[in-house]
Each structure stands twice: as structure tokens, then as C-alpha cells.
Amino acid sequence: MIPARYAATRFPGKLMQDLGGKSVIRRTYEATLDSGLFESVFVVTDSDIIYQEIISNGGAAIMSNKEHSCGSDRIAEAVKDMDVDIVVNVQGDEPFTDKESLEKVLSVFYQEDSERIDLASLMTPMKDWEDIMNPNSVKVIVDENNYALYFSRAPIPYPRDKEINHVYHKHKGVYAFRKQAILDFYMLPMRSLEASEKIECIRYLEYGKNIKMVETQHEGVEIDTPEDLERAKRIINKENLLNPKSITTSEEVVASKHKNFPMVPKVVFGKGAFNQVSDIISPERNGVAPFIYLIDDVFQNNTSFIEDRISLSYTDQIIYISTAEEPKTSQVDAIVTEIKKVHQYIPSGIIGIGGGSILDLSKAVAIMLSNSGSAADYQGWDLVNNKAVYHVGIPTISGTGAEVSRTTVLTGPERKLGINSDFTPFDQVVLDPELICDVPKDQWFYTGMDCYIHCVESLDGTYLNAFSQSYGEKALDLCKEIFLGSDLDKEEADAKLMMASWHGGMSIAYSQVGVAHAMSYGLAYVLGTKHGIGNCIVFDKLERYYPDGVALFKKMKEHHNINLPTGVCANITEDQLNIMTSVALSLEPLWENALGGDWKTKINAEILKEIYRSL
């Protein structure tokens, strides 16, 4: 039985809202029917609109009395003359009702204590402190045998001692009743606890009924608010969002070229800005949910520089991360798994402190804490469905632009490719030039050149527009001043390099990089070459594509007495060379930006292999 009322208090008409071409109530009905667990499935409603929606689409519906105060009363009226033993109540706003959860709630009537059970219901562990505090999320506490003790919209138990590791449970609106239990419910008047909480199952507890709770990991989406509906639409329409095939007008095609990219909403800059971190992130803490600091392990033995200046509270944690290799999707998955294993709640935020690798890992971890599967599933453009947890970027090396980029670049099992999404950019960036003062000279140069190469590839690309040009030109001017000038002291140079990195990252937010980055990705995938130095090694051989940019790069290299590694591809096999070229050529937007729409006529595997062999 699926009780369905049109005039919902929080979101009137929600059951008739469109959800991927079908109404919410129709999707709930079909999901329940498709489970194959029931002799009959009915929608029980007082609404002509909902009744016709189900009947006209081949479903079964029952019109009920309009005066019922809750769904259980509505069901009791419908089943009183039916020859049934067990009645299951599925909420009409649960379009993602799944078979496994329904099987679990039915299974309790075949267990040893089944004679005690008047009804059974579902609960799922809660990880998000914001959800725990949300009165729209009904919480349940149980005894040692999983019988319900109480339901509440408040967090129960109240977390007076924040060190106690209690697992909160959300009540899911699925019930399995013995027929007599629901008929008894119909005859019993509402009492004060139910009236106060507006939670109908409290009536059973007030009259001494036994409710067996069954844990499920399936969360689904309850459509309580317009925001819930939008979240459900993203799930339903995932394939359509990724591969839109609908017919569009010429005006719509033109409009789609103007992408509404999110940018970092908050940034603080200046010497000593790192000391403000605790004050900055404090308003973002969700109850006792921790902040997780992901820090480059280069600082592990120098705690006075970073760790000693961090104020930890509750179960906040510092995790030191090795950047010996390029960031990998498997590394992201391992960090996320460890965080979920150690911490009861989804973190209040991820704070990344380090160079481009740490910043990319931090963005990816923040995404994967709120999205299922592996990070490898999201390598590409606009594949992320759910908003990332709050995340902060604090660079200790400048040049990569990772602090402002819409992308987190990761090497996956099949390719090196970024997670490029609206949810990737940091919510907060802290730019403190003091943090880059001790970067080794070679590393300082390689990351600075990453910024320089961003600018050259963006400014020389076919994707160039006024937005990317304005940022790219400023970043390029700063790079020339920093890497060819002689008037800047170290402190001033560090501050300007931070600004160059920021502008360089912004220059490709609405544009793209090019040949050097594509080929560097191939190097990194096969040989594990770090991104900054890989870009430099490749760019040094790209005179045919960027003659002026490469000439200036060689001057910068000479000015700072930098000797690039040679012979990096001297001993690679033909199979490795094939993989390198395949990875590089798979990055089509980079080649189109570099060479135009007909880029496939200008570049091929043999040309790339010739360049790779020269490295």
C-alpha cells in the first residue's frame, strides 16, 4: 500500500512533480511493483489527480476518505475487508524504493522473535551531521534487539558528550504490519507525543506495540522539498545529462557555448594569512563532524611550519600524503575509504595543504565523500552528480593553478584525465606567500613553468576569448617579471608567483591547454613523470607549435641554470610508446584548442612518437 496525499504540508503537489518524464508517485508505484515481492500493489489516495495518474498508466489505486490524519489510517481503511496477513506501507515520496530493503523488512516475520513483532520498519546509519540536526530527518533509537525505543525529529540521543561514538539512525518510511496491528492503530486516538513530533509510528509505541527495526544501507531520496526533487532529477537523468541527445534550436546551441562555470567564492591573500584558517573554517563545522587535513608529507618532519599552527577540535585529523607519484584515482579511493573507516560522520570539510598534487587529491576526496563508486568513474567533463563536501585549498607551491582550477587531474586505471565539474573548485582558498618560501629551486621553477605553459597554450589556442586572454596575459607578464627579471626580492617574487598561478589557472577556466599538457599526460601515465617537470621536458621540444613561447622558455631555463633531464624515453618499448600516444591523443579538447577543429589532419601517432623519442 502506498498512501498518497496531494496537499503535502512542506511541498504541496510533490507527488505529481515531474521526475525524468514520470511523476514522483508513478515512479514510486512502479519501483514497488517491479520488486516482484507482493501479490498486489495499490496507491491509496484522497486525490482525484493522483488516482487518475495511477489508473491512466495501468496501475491500481483506491480512493479513500479525505479526513485521514496520516498514511497508516488511510491504509487501515483500505485493507479492513481484504484477506491479507502482512501489509507493507511504502511512502509515496520514495521513488527509489529498492527490492533489497523491502525484502529485509519482510524477513523479520520469519525470525525467531516474530511472534513479538507487531510491525517492522527500516533505518539507515547517518553520517552527515547536518542531516542529523535536520528536523525533516526522523531519527530512531533502538534497544539491544533492535526494537524501537523512540522516534524524534531532534537528534536522539542528545550529544552532550561529544566523544561518545554513537551511530545515529534515520527512520525510513517503509513499514510492514500485521493486519491486526494496523487495524488497532486505526481505532486508537492520537496522543501527545505523536501530536508533538508529527511522527505517526510513535502512536504504536505509546500503546505498547513492538516495532522491529531493520538496518539498511540504501538511502535513496525522499522528496520532501524542491531541493530533494532536483537531487532526484540528477540521479534519474544522469545519462541524459552526460549524453544529451534532445533536439535544440539554433538559439539554444549558441547559448550552450557560454558556460556558467563556478569560481572559487572566497579567497584570502597575504603574508601570515595561514594563521586565520581556524577562524575561517569554524562556521563550516557540522556539529562534531571532523575537519580532515590532507598535508604533503614533506612537512611531516617540520611540524612547526604547518602542523603546530593547526588548531584541532573533537576528532579532527591530519593525514600526511606522499606526493612521490602523480595523484591516482586509486589513491583517492584509499584516502576516502580510510576516512570513512575512522570517522563516524561525513567530514565537515577537507583542507588541502601542499602543492598541485595535494590540492588535486583534496578536491577529488571532497567529491568522492559525497559520490558513490570510484574516482575513476568521474574522470571526464561534468560527470559528478552530488555537491562535494566543503573543501579548502592552501598552496605551499605556486604555479600549477590547482587552487583555482575547475579540474582535479588524476591518473586512472585506463587514462590520465581530470575530474572537471561544477563541484570541483575549492570553497575557500588561502594564499600565504610565506608558505612557499623554502621550495627547492628546481621545483619552484618547474611549477612556475607550468603556469607559464598554461598561458602560452591558452593564448595561442583556438578557444581563446577575452575572458581567458585577460587572465592569461596578466599571468604571462608576471612570469616574465619573476623568471627573467632581476629586481624582485624573494618575498616579492613569491607573492607575485602566487598571483601568476591564480591568473594562469583562471586563463584556462574558460579555455584549454594544449600540446605540452596532452603529451605530458602520456608521459605521466606510462613513466609516472611528475606534471611540472613533464610539461617542461615536453615543451622544450615544441618549437614547431609554440616557437616564441619555447624560445622564451629556453631563456628562463638558462637564466636560472636549470638542466632538464634527458633521455627519459630512451629505453621505452614500442608498446609503451603506443600507450603514450594513445593517452595523449585521447585528450581531444586540448588538441582542438592547440590546432583547431581539423586537428586530426595535423597530428597523428607517428608525429607524437617522433617527439617522445627525442625527449
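Here are some questions and answers about how terms apply to this predicted model.

In this predicted model, local features need pLDDT of at least 70 and side-chain atom pairs count only at pLDDT 80 or more, while totals for chains, interfaces and linings use all residues. Residues are numbered from 1 along each chain as its sequence is written, and side-chain values use heavy atoms, with hydrogens and water left out.

Q: Why is Asn465 called partly exposed?
A: Buried means under 20% relative accessible area, exposed over 50%, and partly exposed in between (1.4 Å probe, protein chains only). Asn465 has 23% relative accessibility, so it counts as partly exposed.

Q: What makes the approach of the Asn465 side chain to the backbone nitrogen of Phe467 a polar contact?
A: A polar contact is a pair of N or O atoms within 3.5 Å; within protein, one must be able to donate a hydrogen and the other to accept it, and residues adjacent in sequence count only if both atoms are side-chain atoms. A polar atom of the Asn465 side chain lies 3.0 Å from that nitrogen of Phe467. The Asn465 side chain also reaches the backbone nitrogen of Ser468, at 3.0 Å. Asn465 itself sits in the loop between helix H15 (441-459) and helix H16 (466-484); helices (H or I, at least four residues) and strands (E, at least two) are DSSP runs, numbered from the N terminus.

Q: How do you know that Asp228 has no salt bridge?
A: A salt bridge is a side-chain nitrogen of Lys or Arg within 4 Å of a carboxyl oxygen of Asp or Glu. For Asp228, which is buried, the nearest side chain of opposite charge is Arg231, 5.3 Å away. Lys and Arg count as positive and Asp and Glu as negative; His and the chain ends are not counted. Asp228 is found in helix H9 (residues 226-236).

Q: What makes strands S7 and S11 a pair?
A: Two strands pair if DSSP finds at least two bridges between them. Strand S7 (residues 119-125) and S11 have five bridges, in the parallel sense. One of the partners in S11 is Glu215, bridged to Met123. Strand S11 (residues 211-215) is mostly covered, with four of its five residues buried.

Q: Why are S16 and S18 said to stand at the edges?
A: The open sheet of three strands has the order S16-S19-S18, with mixed pairing. Strand S16 (380-381) and strand S18 (407-411) each have a single partner strand, so one side of each is left without a neighbour in the sheet. S16 runs parallel to strand S19 (residues 416-420), joined by two bridges.
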